[in-house]
Amino acid sequence: TLEAPCLVDKFGPRPAAIGRLPEPIRGLVISVKNYERAVIRAALEPSAELAALALFLNPIIGEWKPACDIVDAL
């Protein structure tokens with residue numbers, strides 16, 4: 001899924017050309033998408049290890065011990 005500016009007229013919405021994301025932002029978008037996919041997997045296959053992995057992939061957390069500590073607290 002991508003959020004992007006759109007042009008809306010009587011024919012419906014059409015995405016506006018935005019070009020390539022700058023590399024630092026592109027990297028962050030890819031990291032967050034990997035985190036989101038891991039969260040979905042952890043929700044569908046309930047597992048503390050998968051939940052910790054998802055948190056580990058979150059760019060804000062990004063460390064194994066804090067991710068495990070959060071899961072343990074839950």
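1. A salt bridge is taken here as a side-chain nitrogen of Lys or Arg within 4 Å of a carboxyl oxygen of Asp or Glu. By that rule D69 forms a salt bridge with K65, the closest N and O atoms being 3.1 Å apart. The two residues, D69 and K65, are four apart in helix α3 and are therefore separated by about one helical turn; helices here are DSSP runs of H or I with at least four residues, numbered from the N terminus.

2. The model is predicted, so local features need pLDDT of at least 70 and side-chain atom pairs count only at pLDDT 80 or more, whereas totals for chains, interfaces and linings use all residues. Residues are numbered from 1 along each chain as its sequence is written, and side-chain values use heavy atoms, with hydrogens and water left out.

3. As to exposure (buried means under 20% relative accessible area, exposed over 50%, partly exposed in between, with a 1.4 Å probe and protein chains only), K65 is exposed at 56%, while D69 is partly exposed at 37%.

4. The whole structure holds five salt bridges, among them the one between K33 and E36, at 3.0 Å from N to O. K33 and E36 lie three residues apart in helix α1, and so are separated by about one helical turn; K33 is partly exposed at 25% relative accessibility, and E36 is partly exposed at 33%. Another of the five joins the side chains of D9 and R14, at 2.6 Å from N to O.

5. On the surface, L53, F56, L57 and W64 form a nonpolar patch with about 320 Å² of accessible area together. Such patches are made of residues with over 30% relative accessible area and no salt bridge, nonpolar side chains (Val, Leu, Ile, Met, Phe, Trp, Tyr) being joined within 5 Å and like charges within 9 Å; the areas come from the Shrake-Rupley method with a 1.4 Å probe. Helix α2 (residues 48–57) gives the most to this patch, with three residues.

6. Two members of the patch, F56 and W64, also form an aromatic pair that is edge-to-face, with 6.0 Å centre to centre and 70° between the planes. Rings of Phe, Tyr and Trp (its six-membered ring) pair if their centres lie within 6.5 Å, and planes under 30 degrees apart count as stacked, over 60 as edge-to-face and the rest as tilted; the count comes to one aromatic pair.

7. Within α2, by contrast, L50, A52, A54 and L55 are buried, and the buried residues of α2 pack against α1 (23–44) and α3 (64–73), contact meaning heavy atoms within 4.5 Å.
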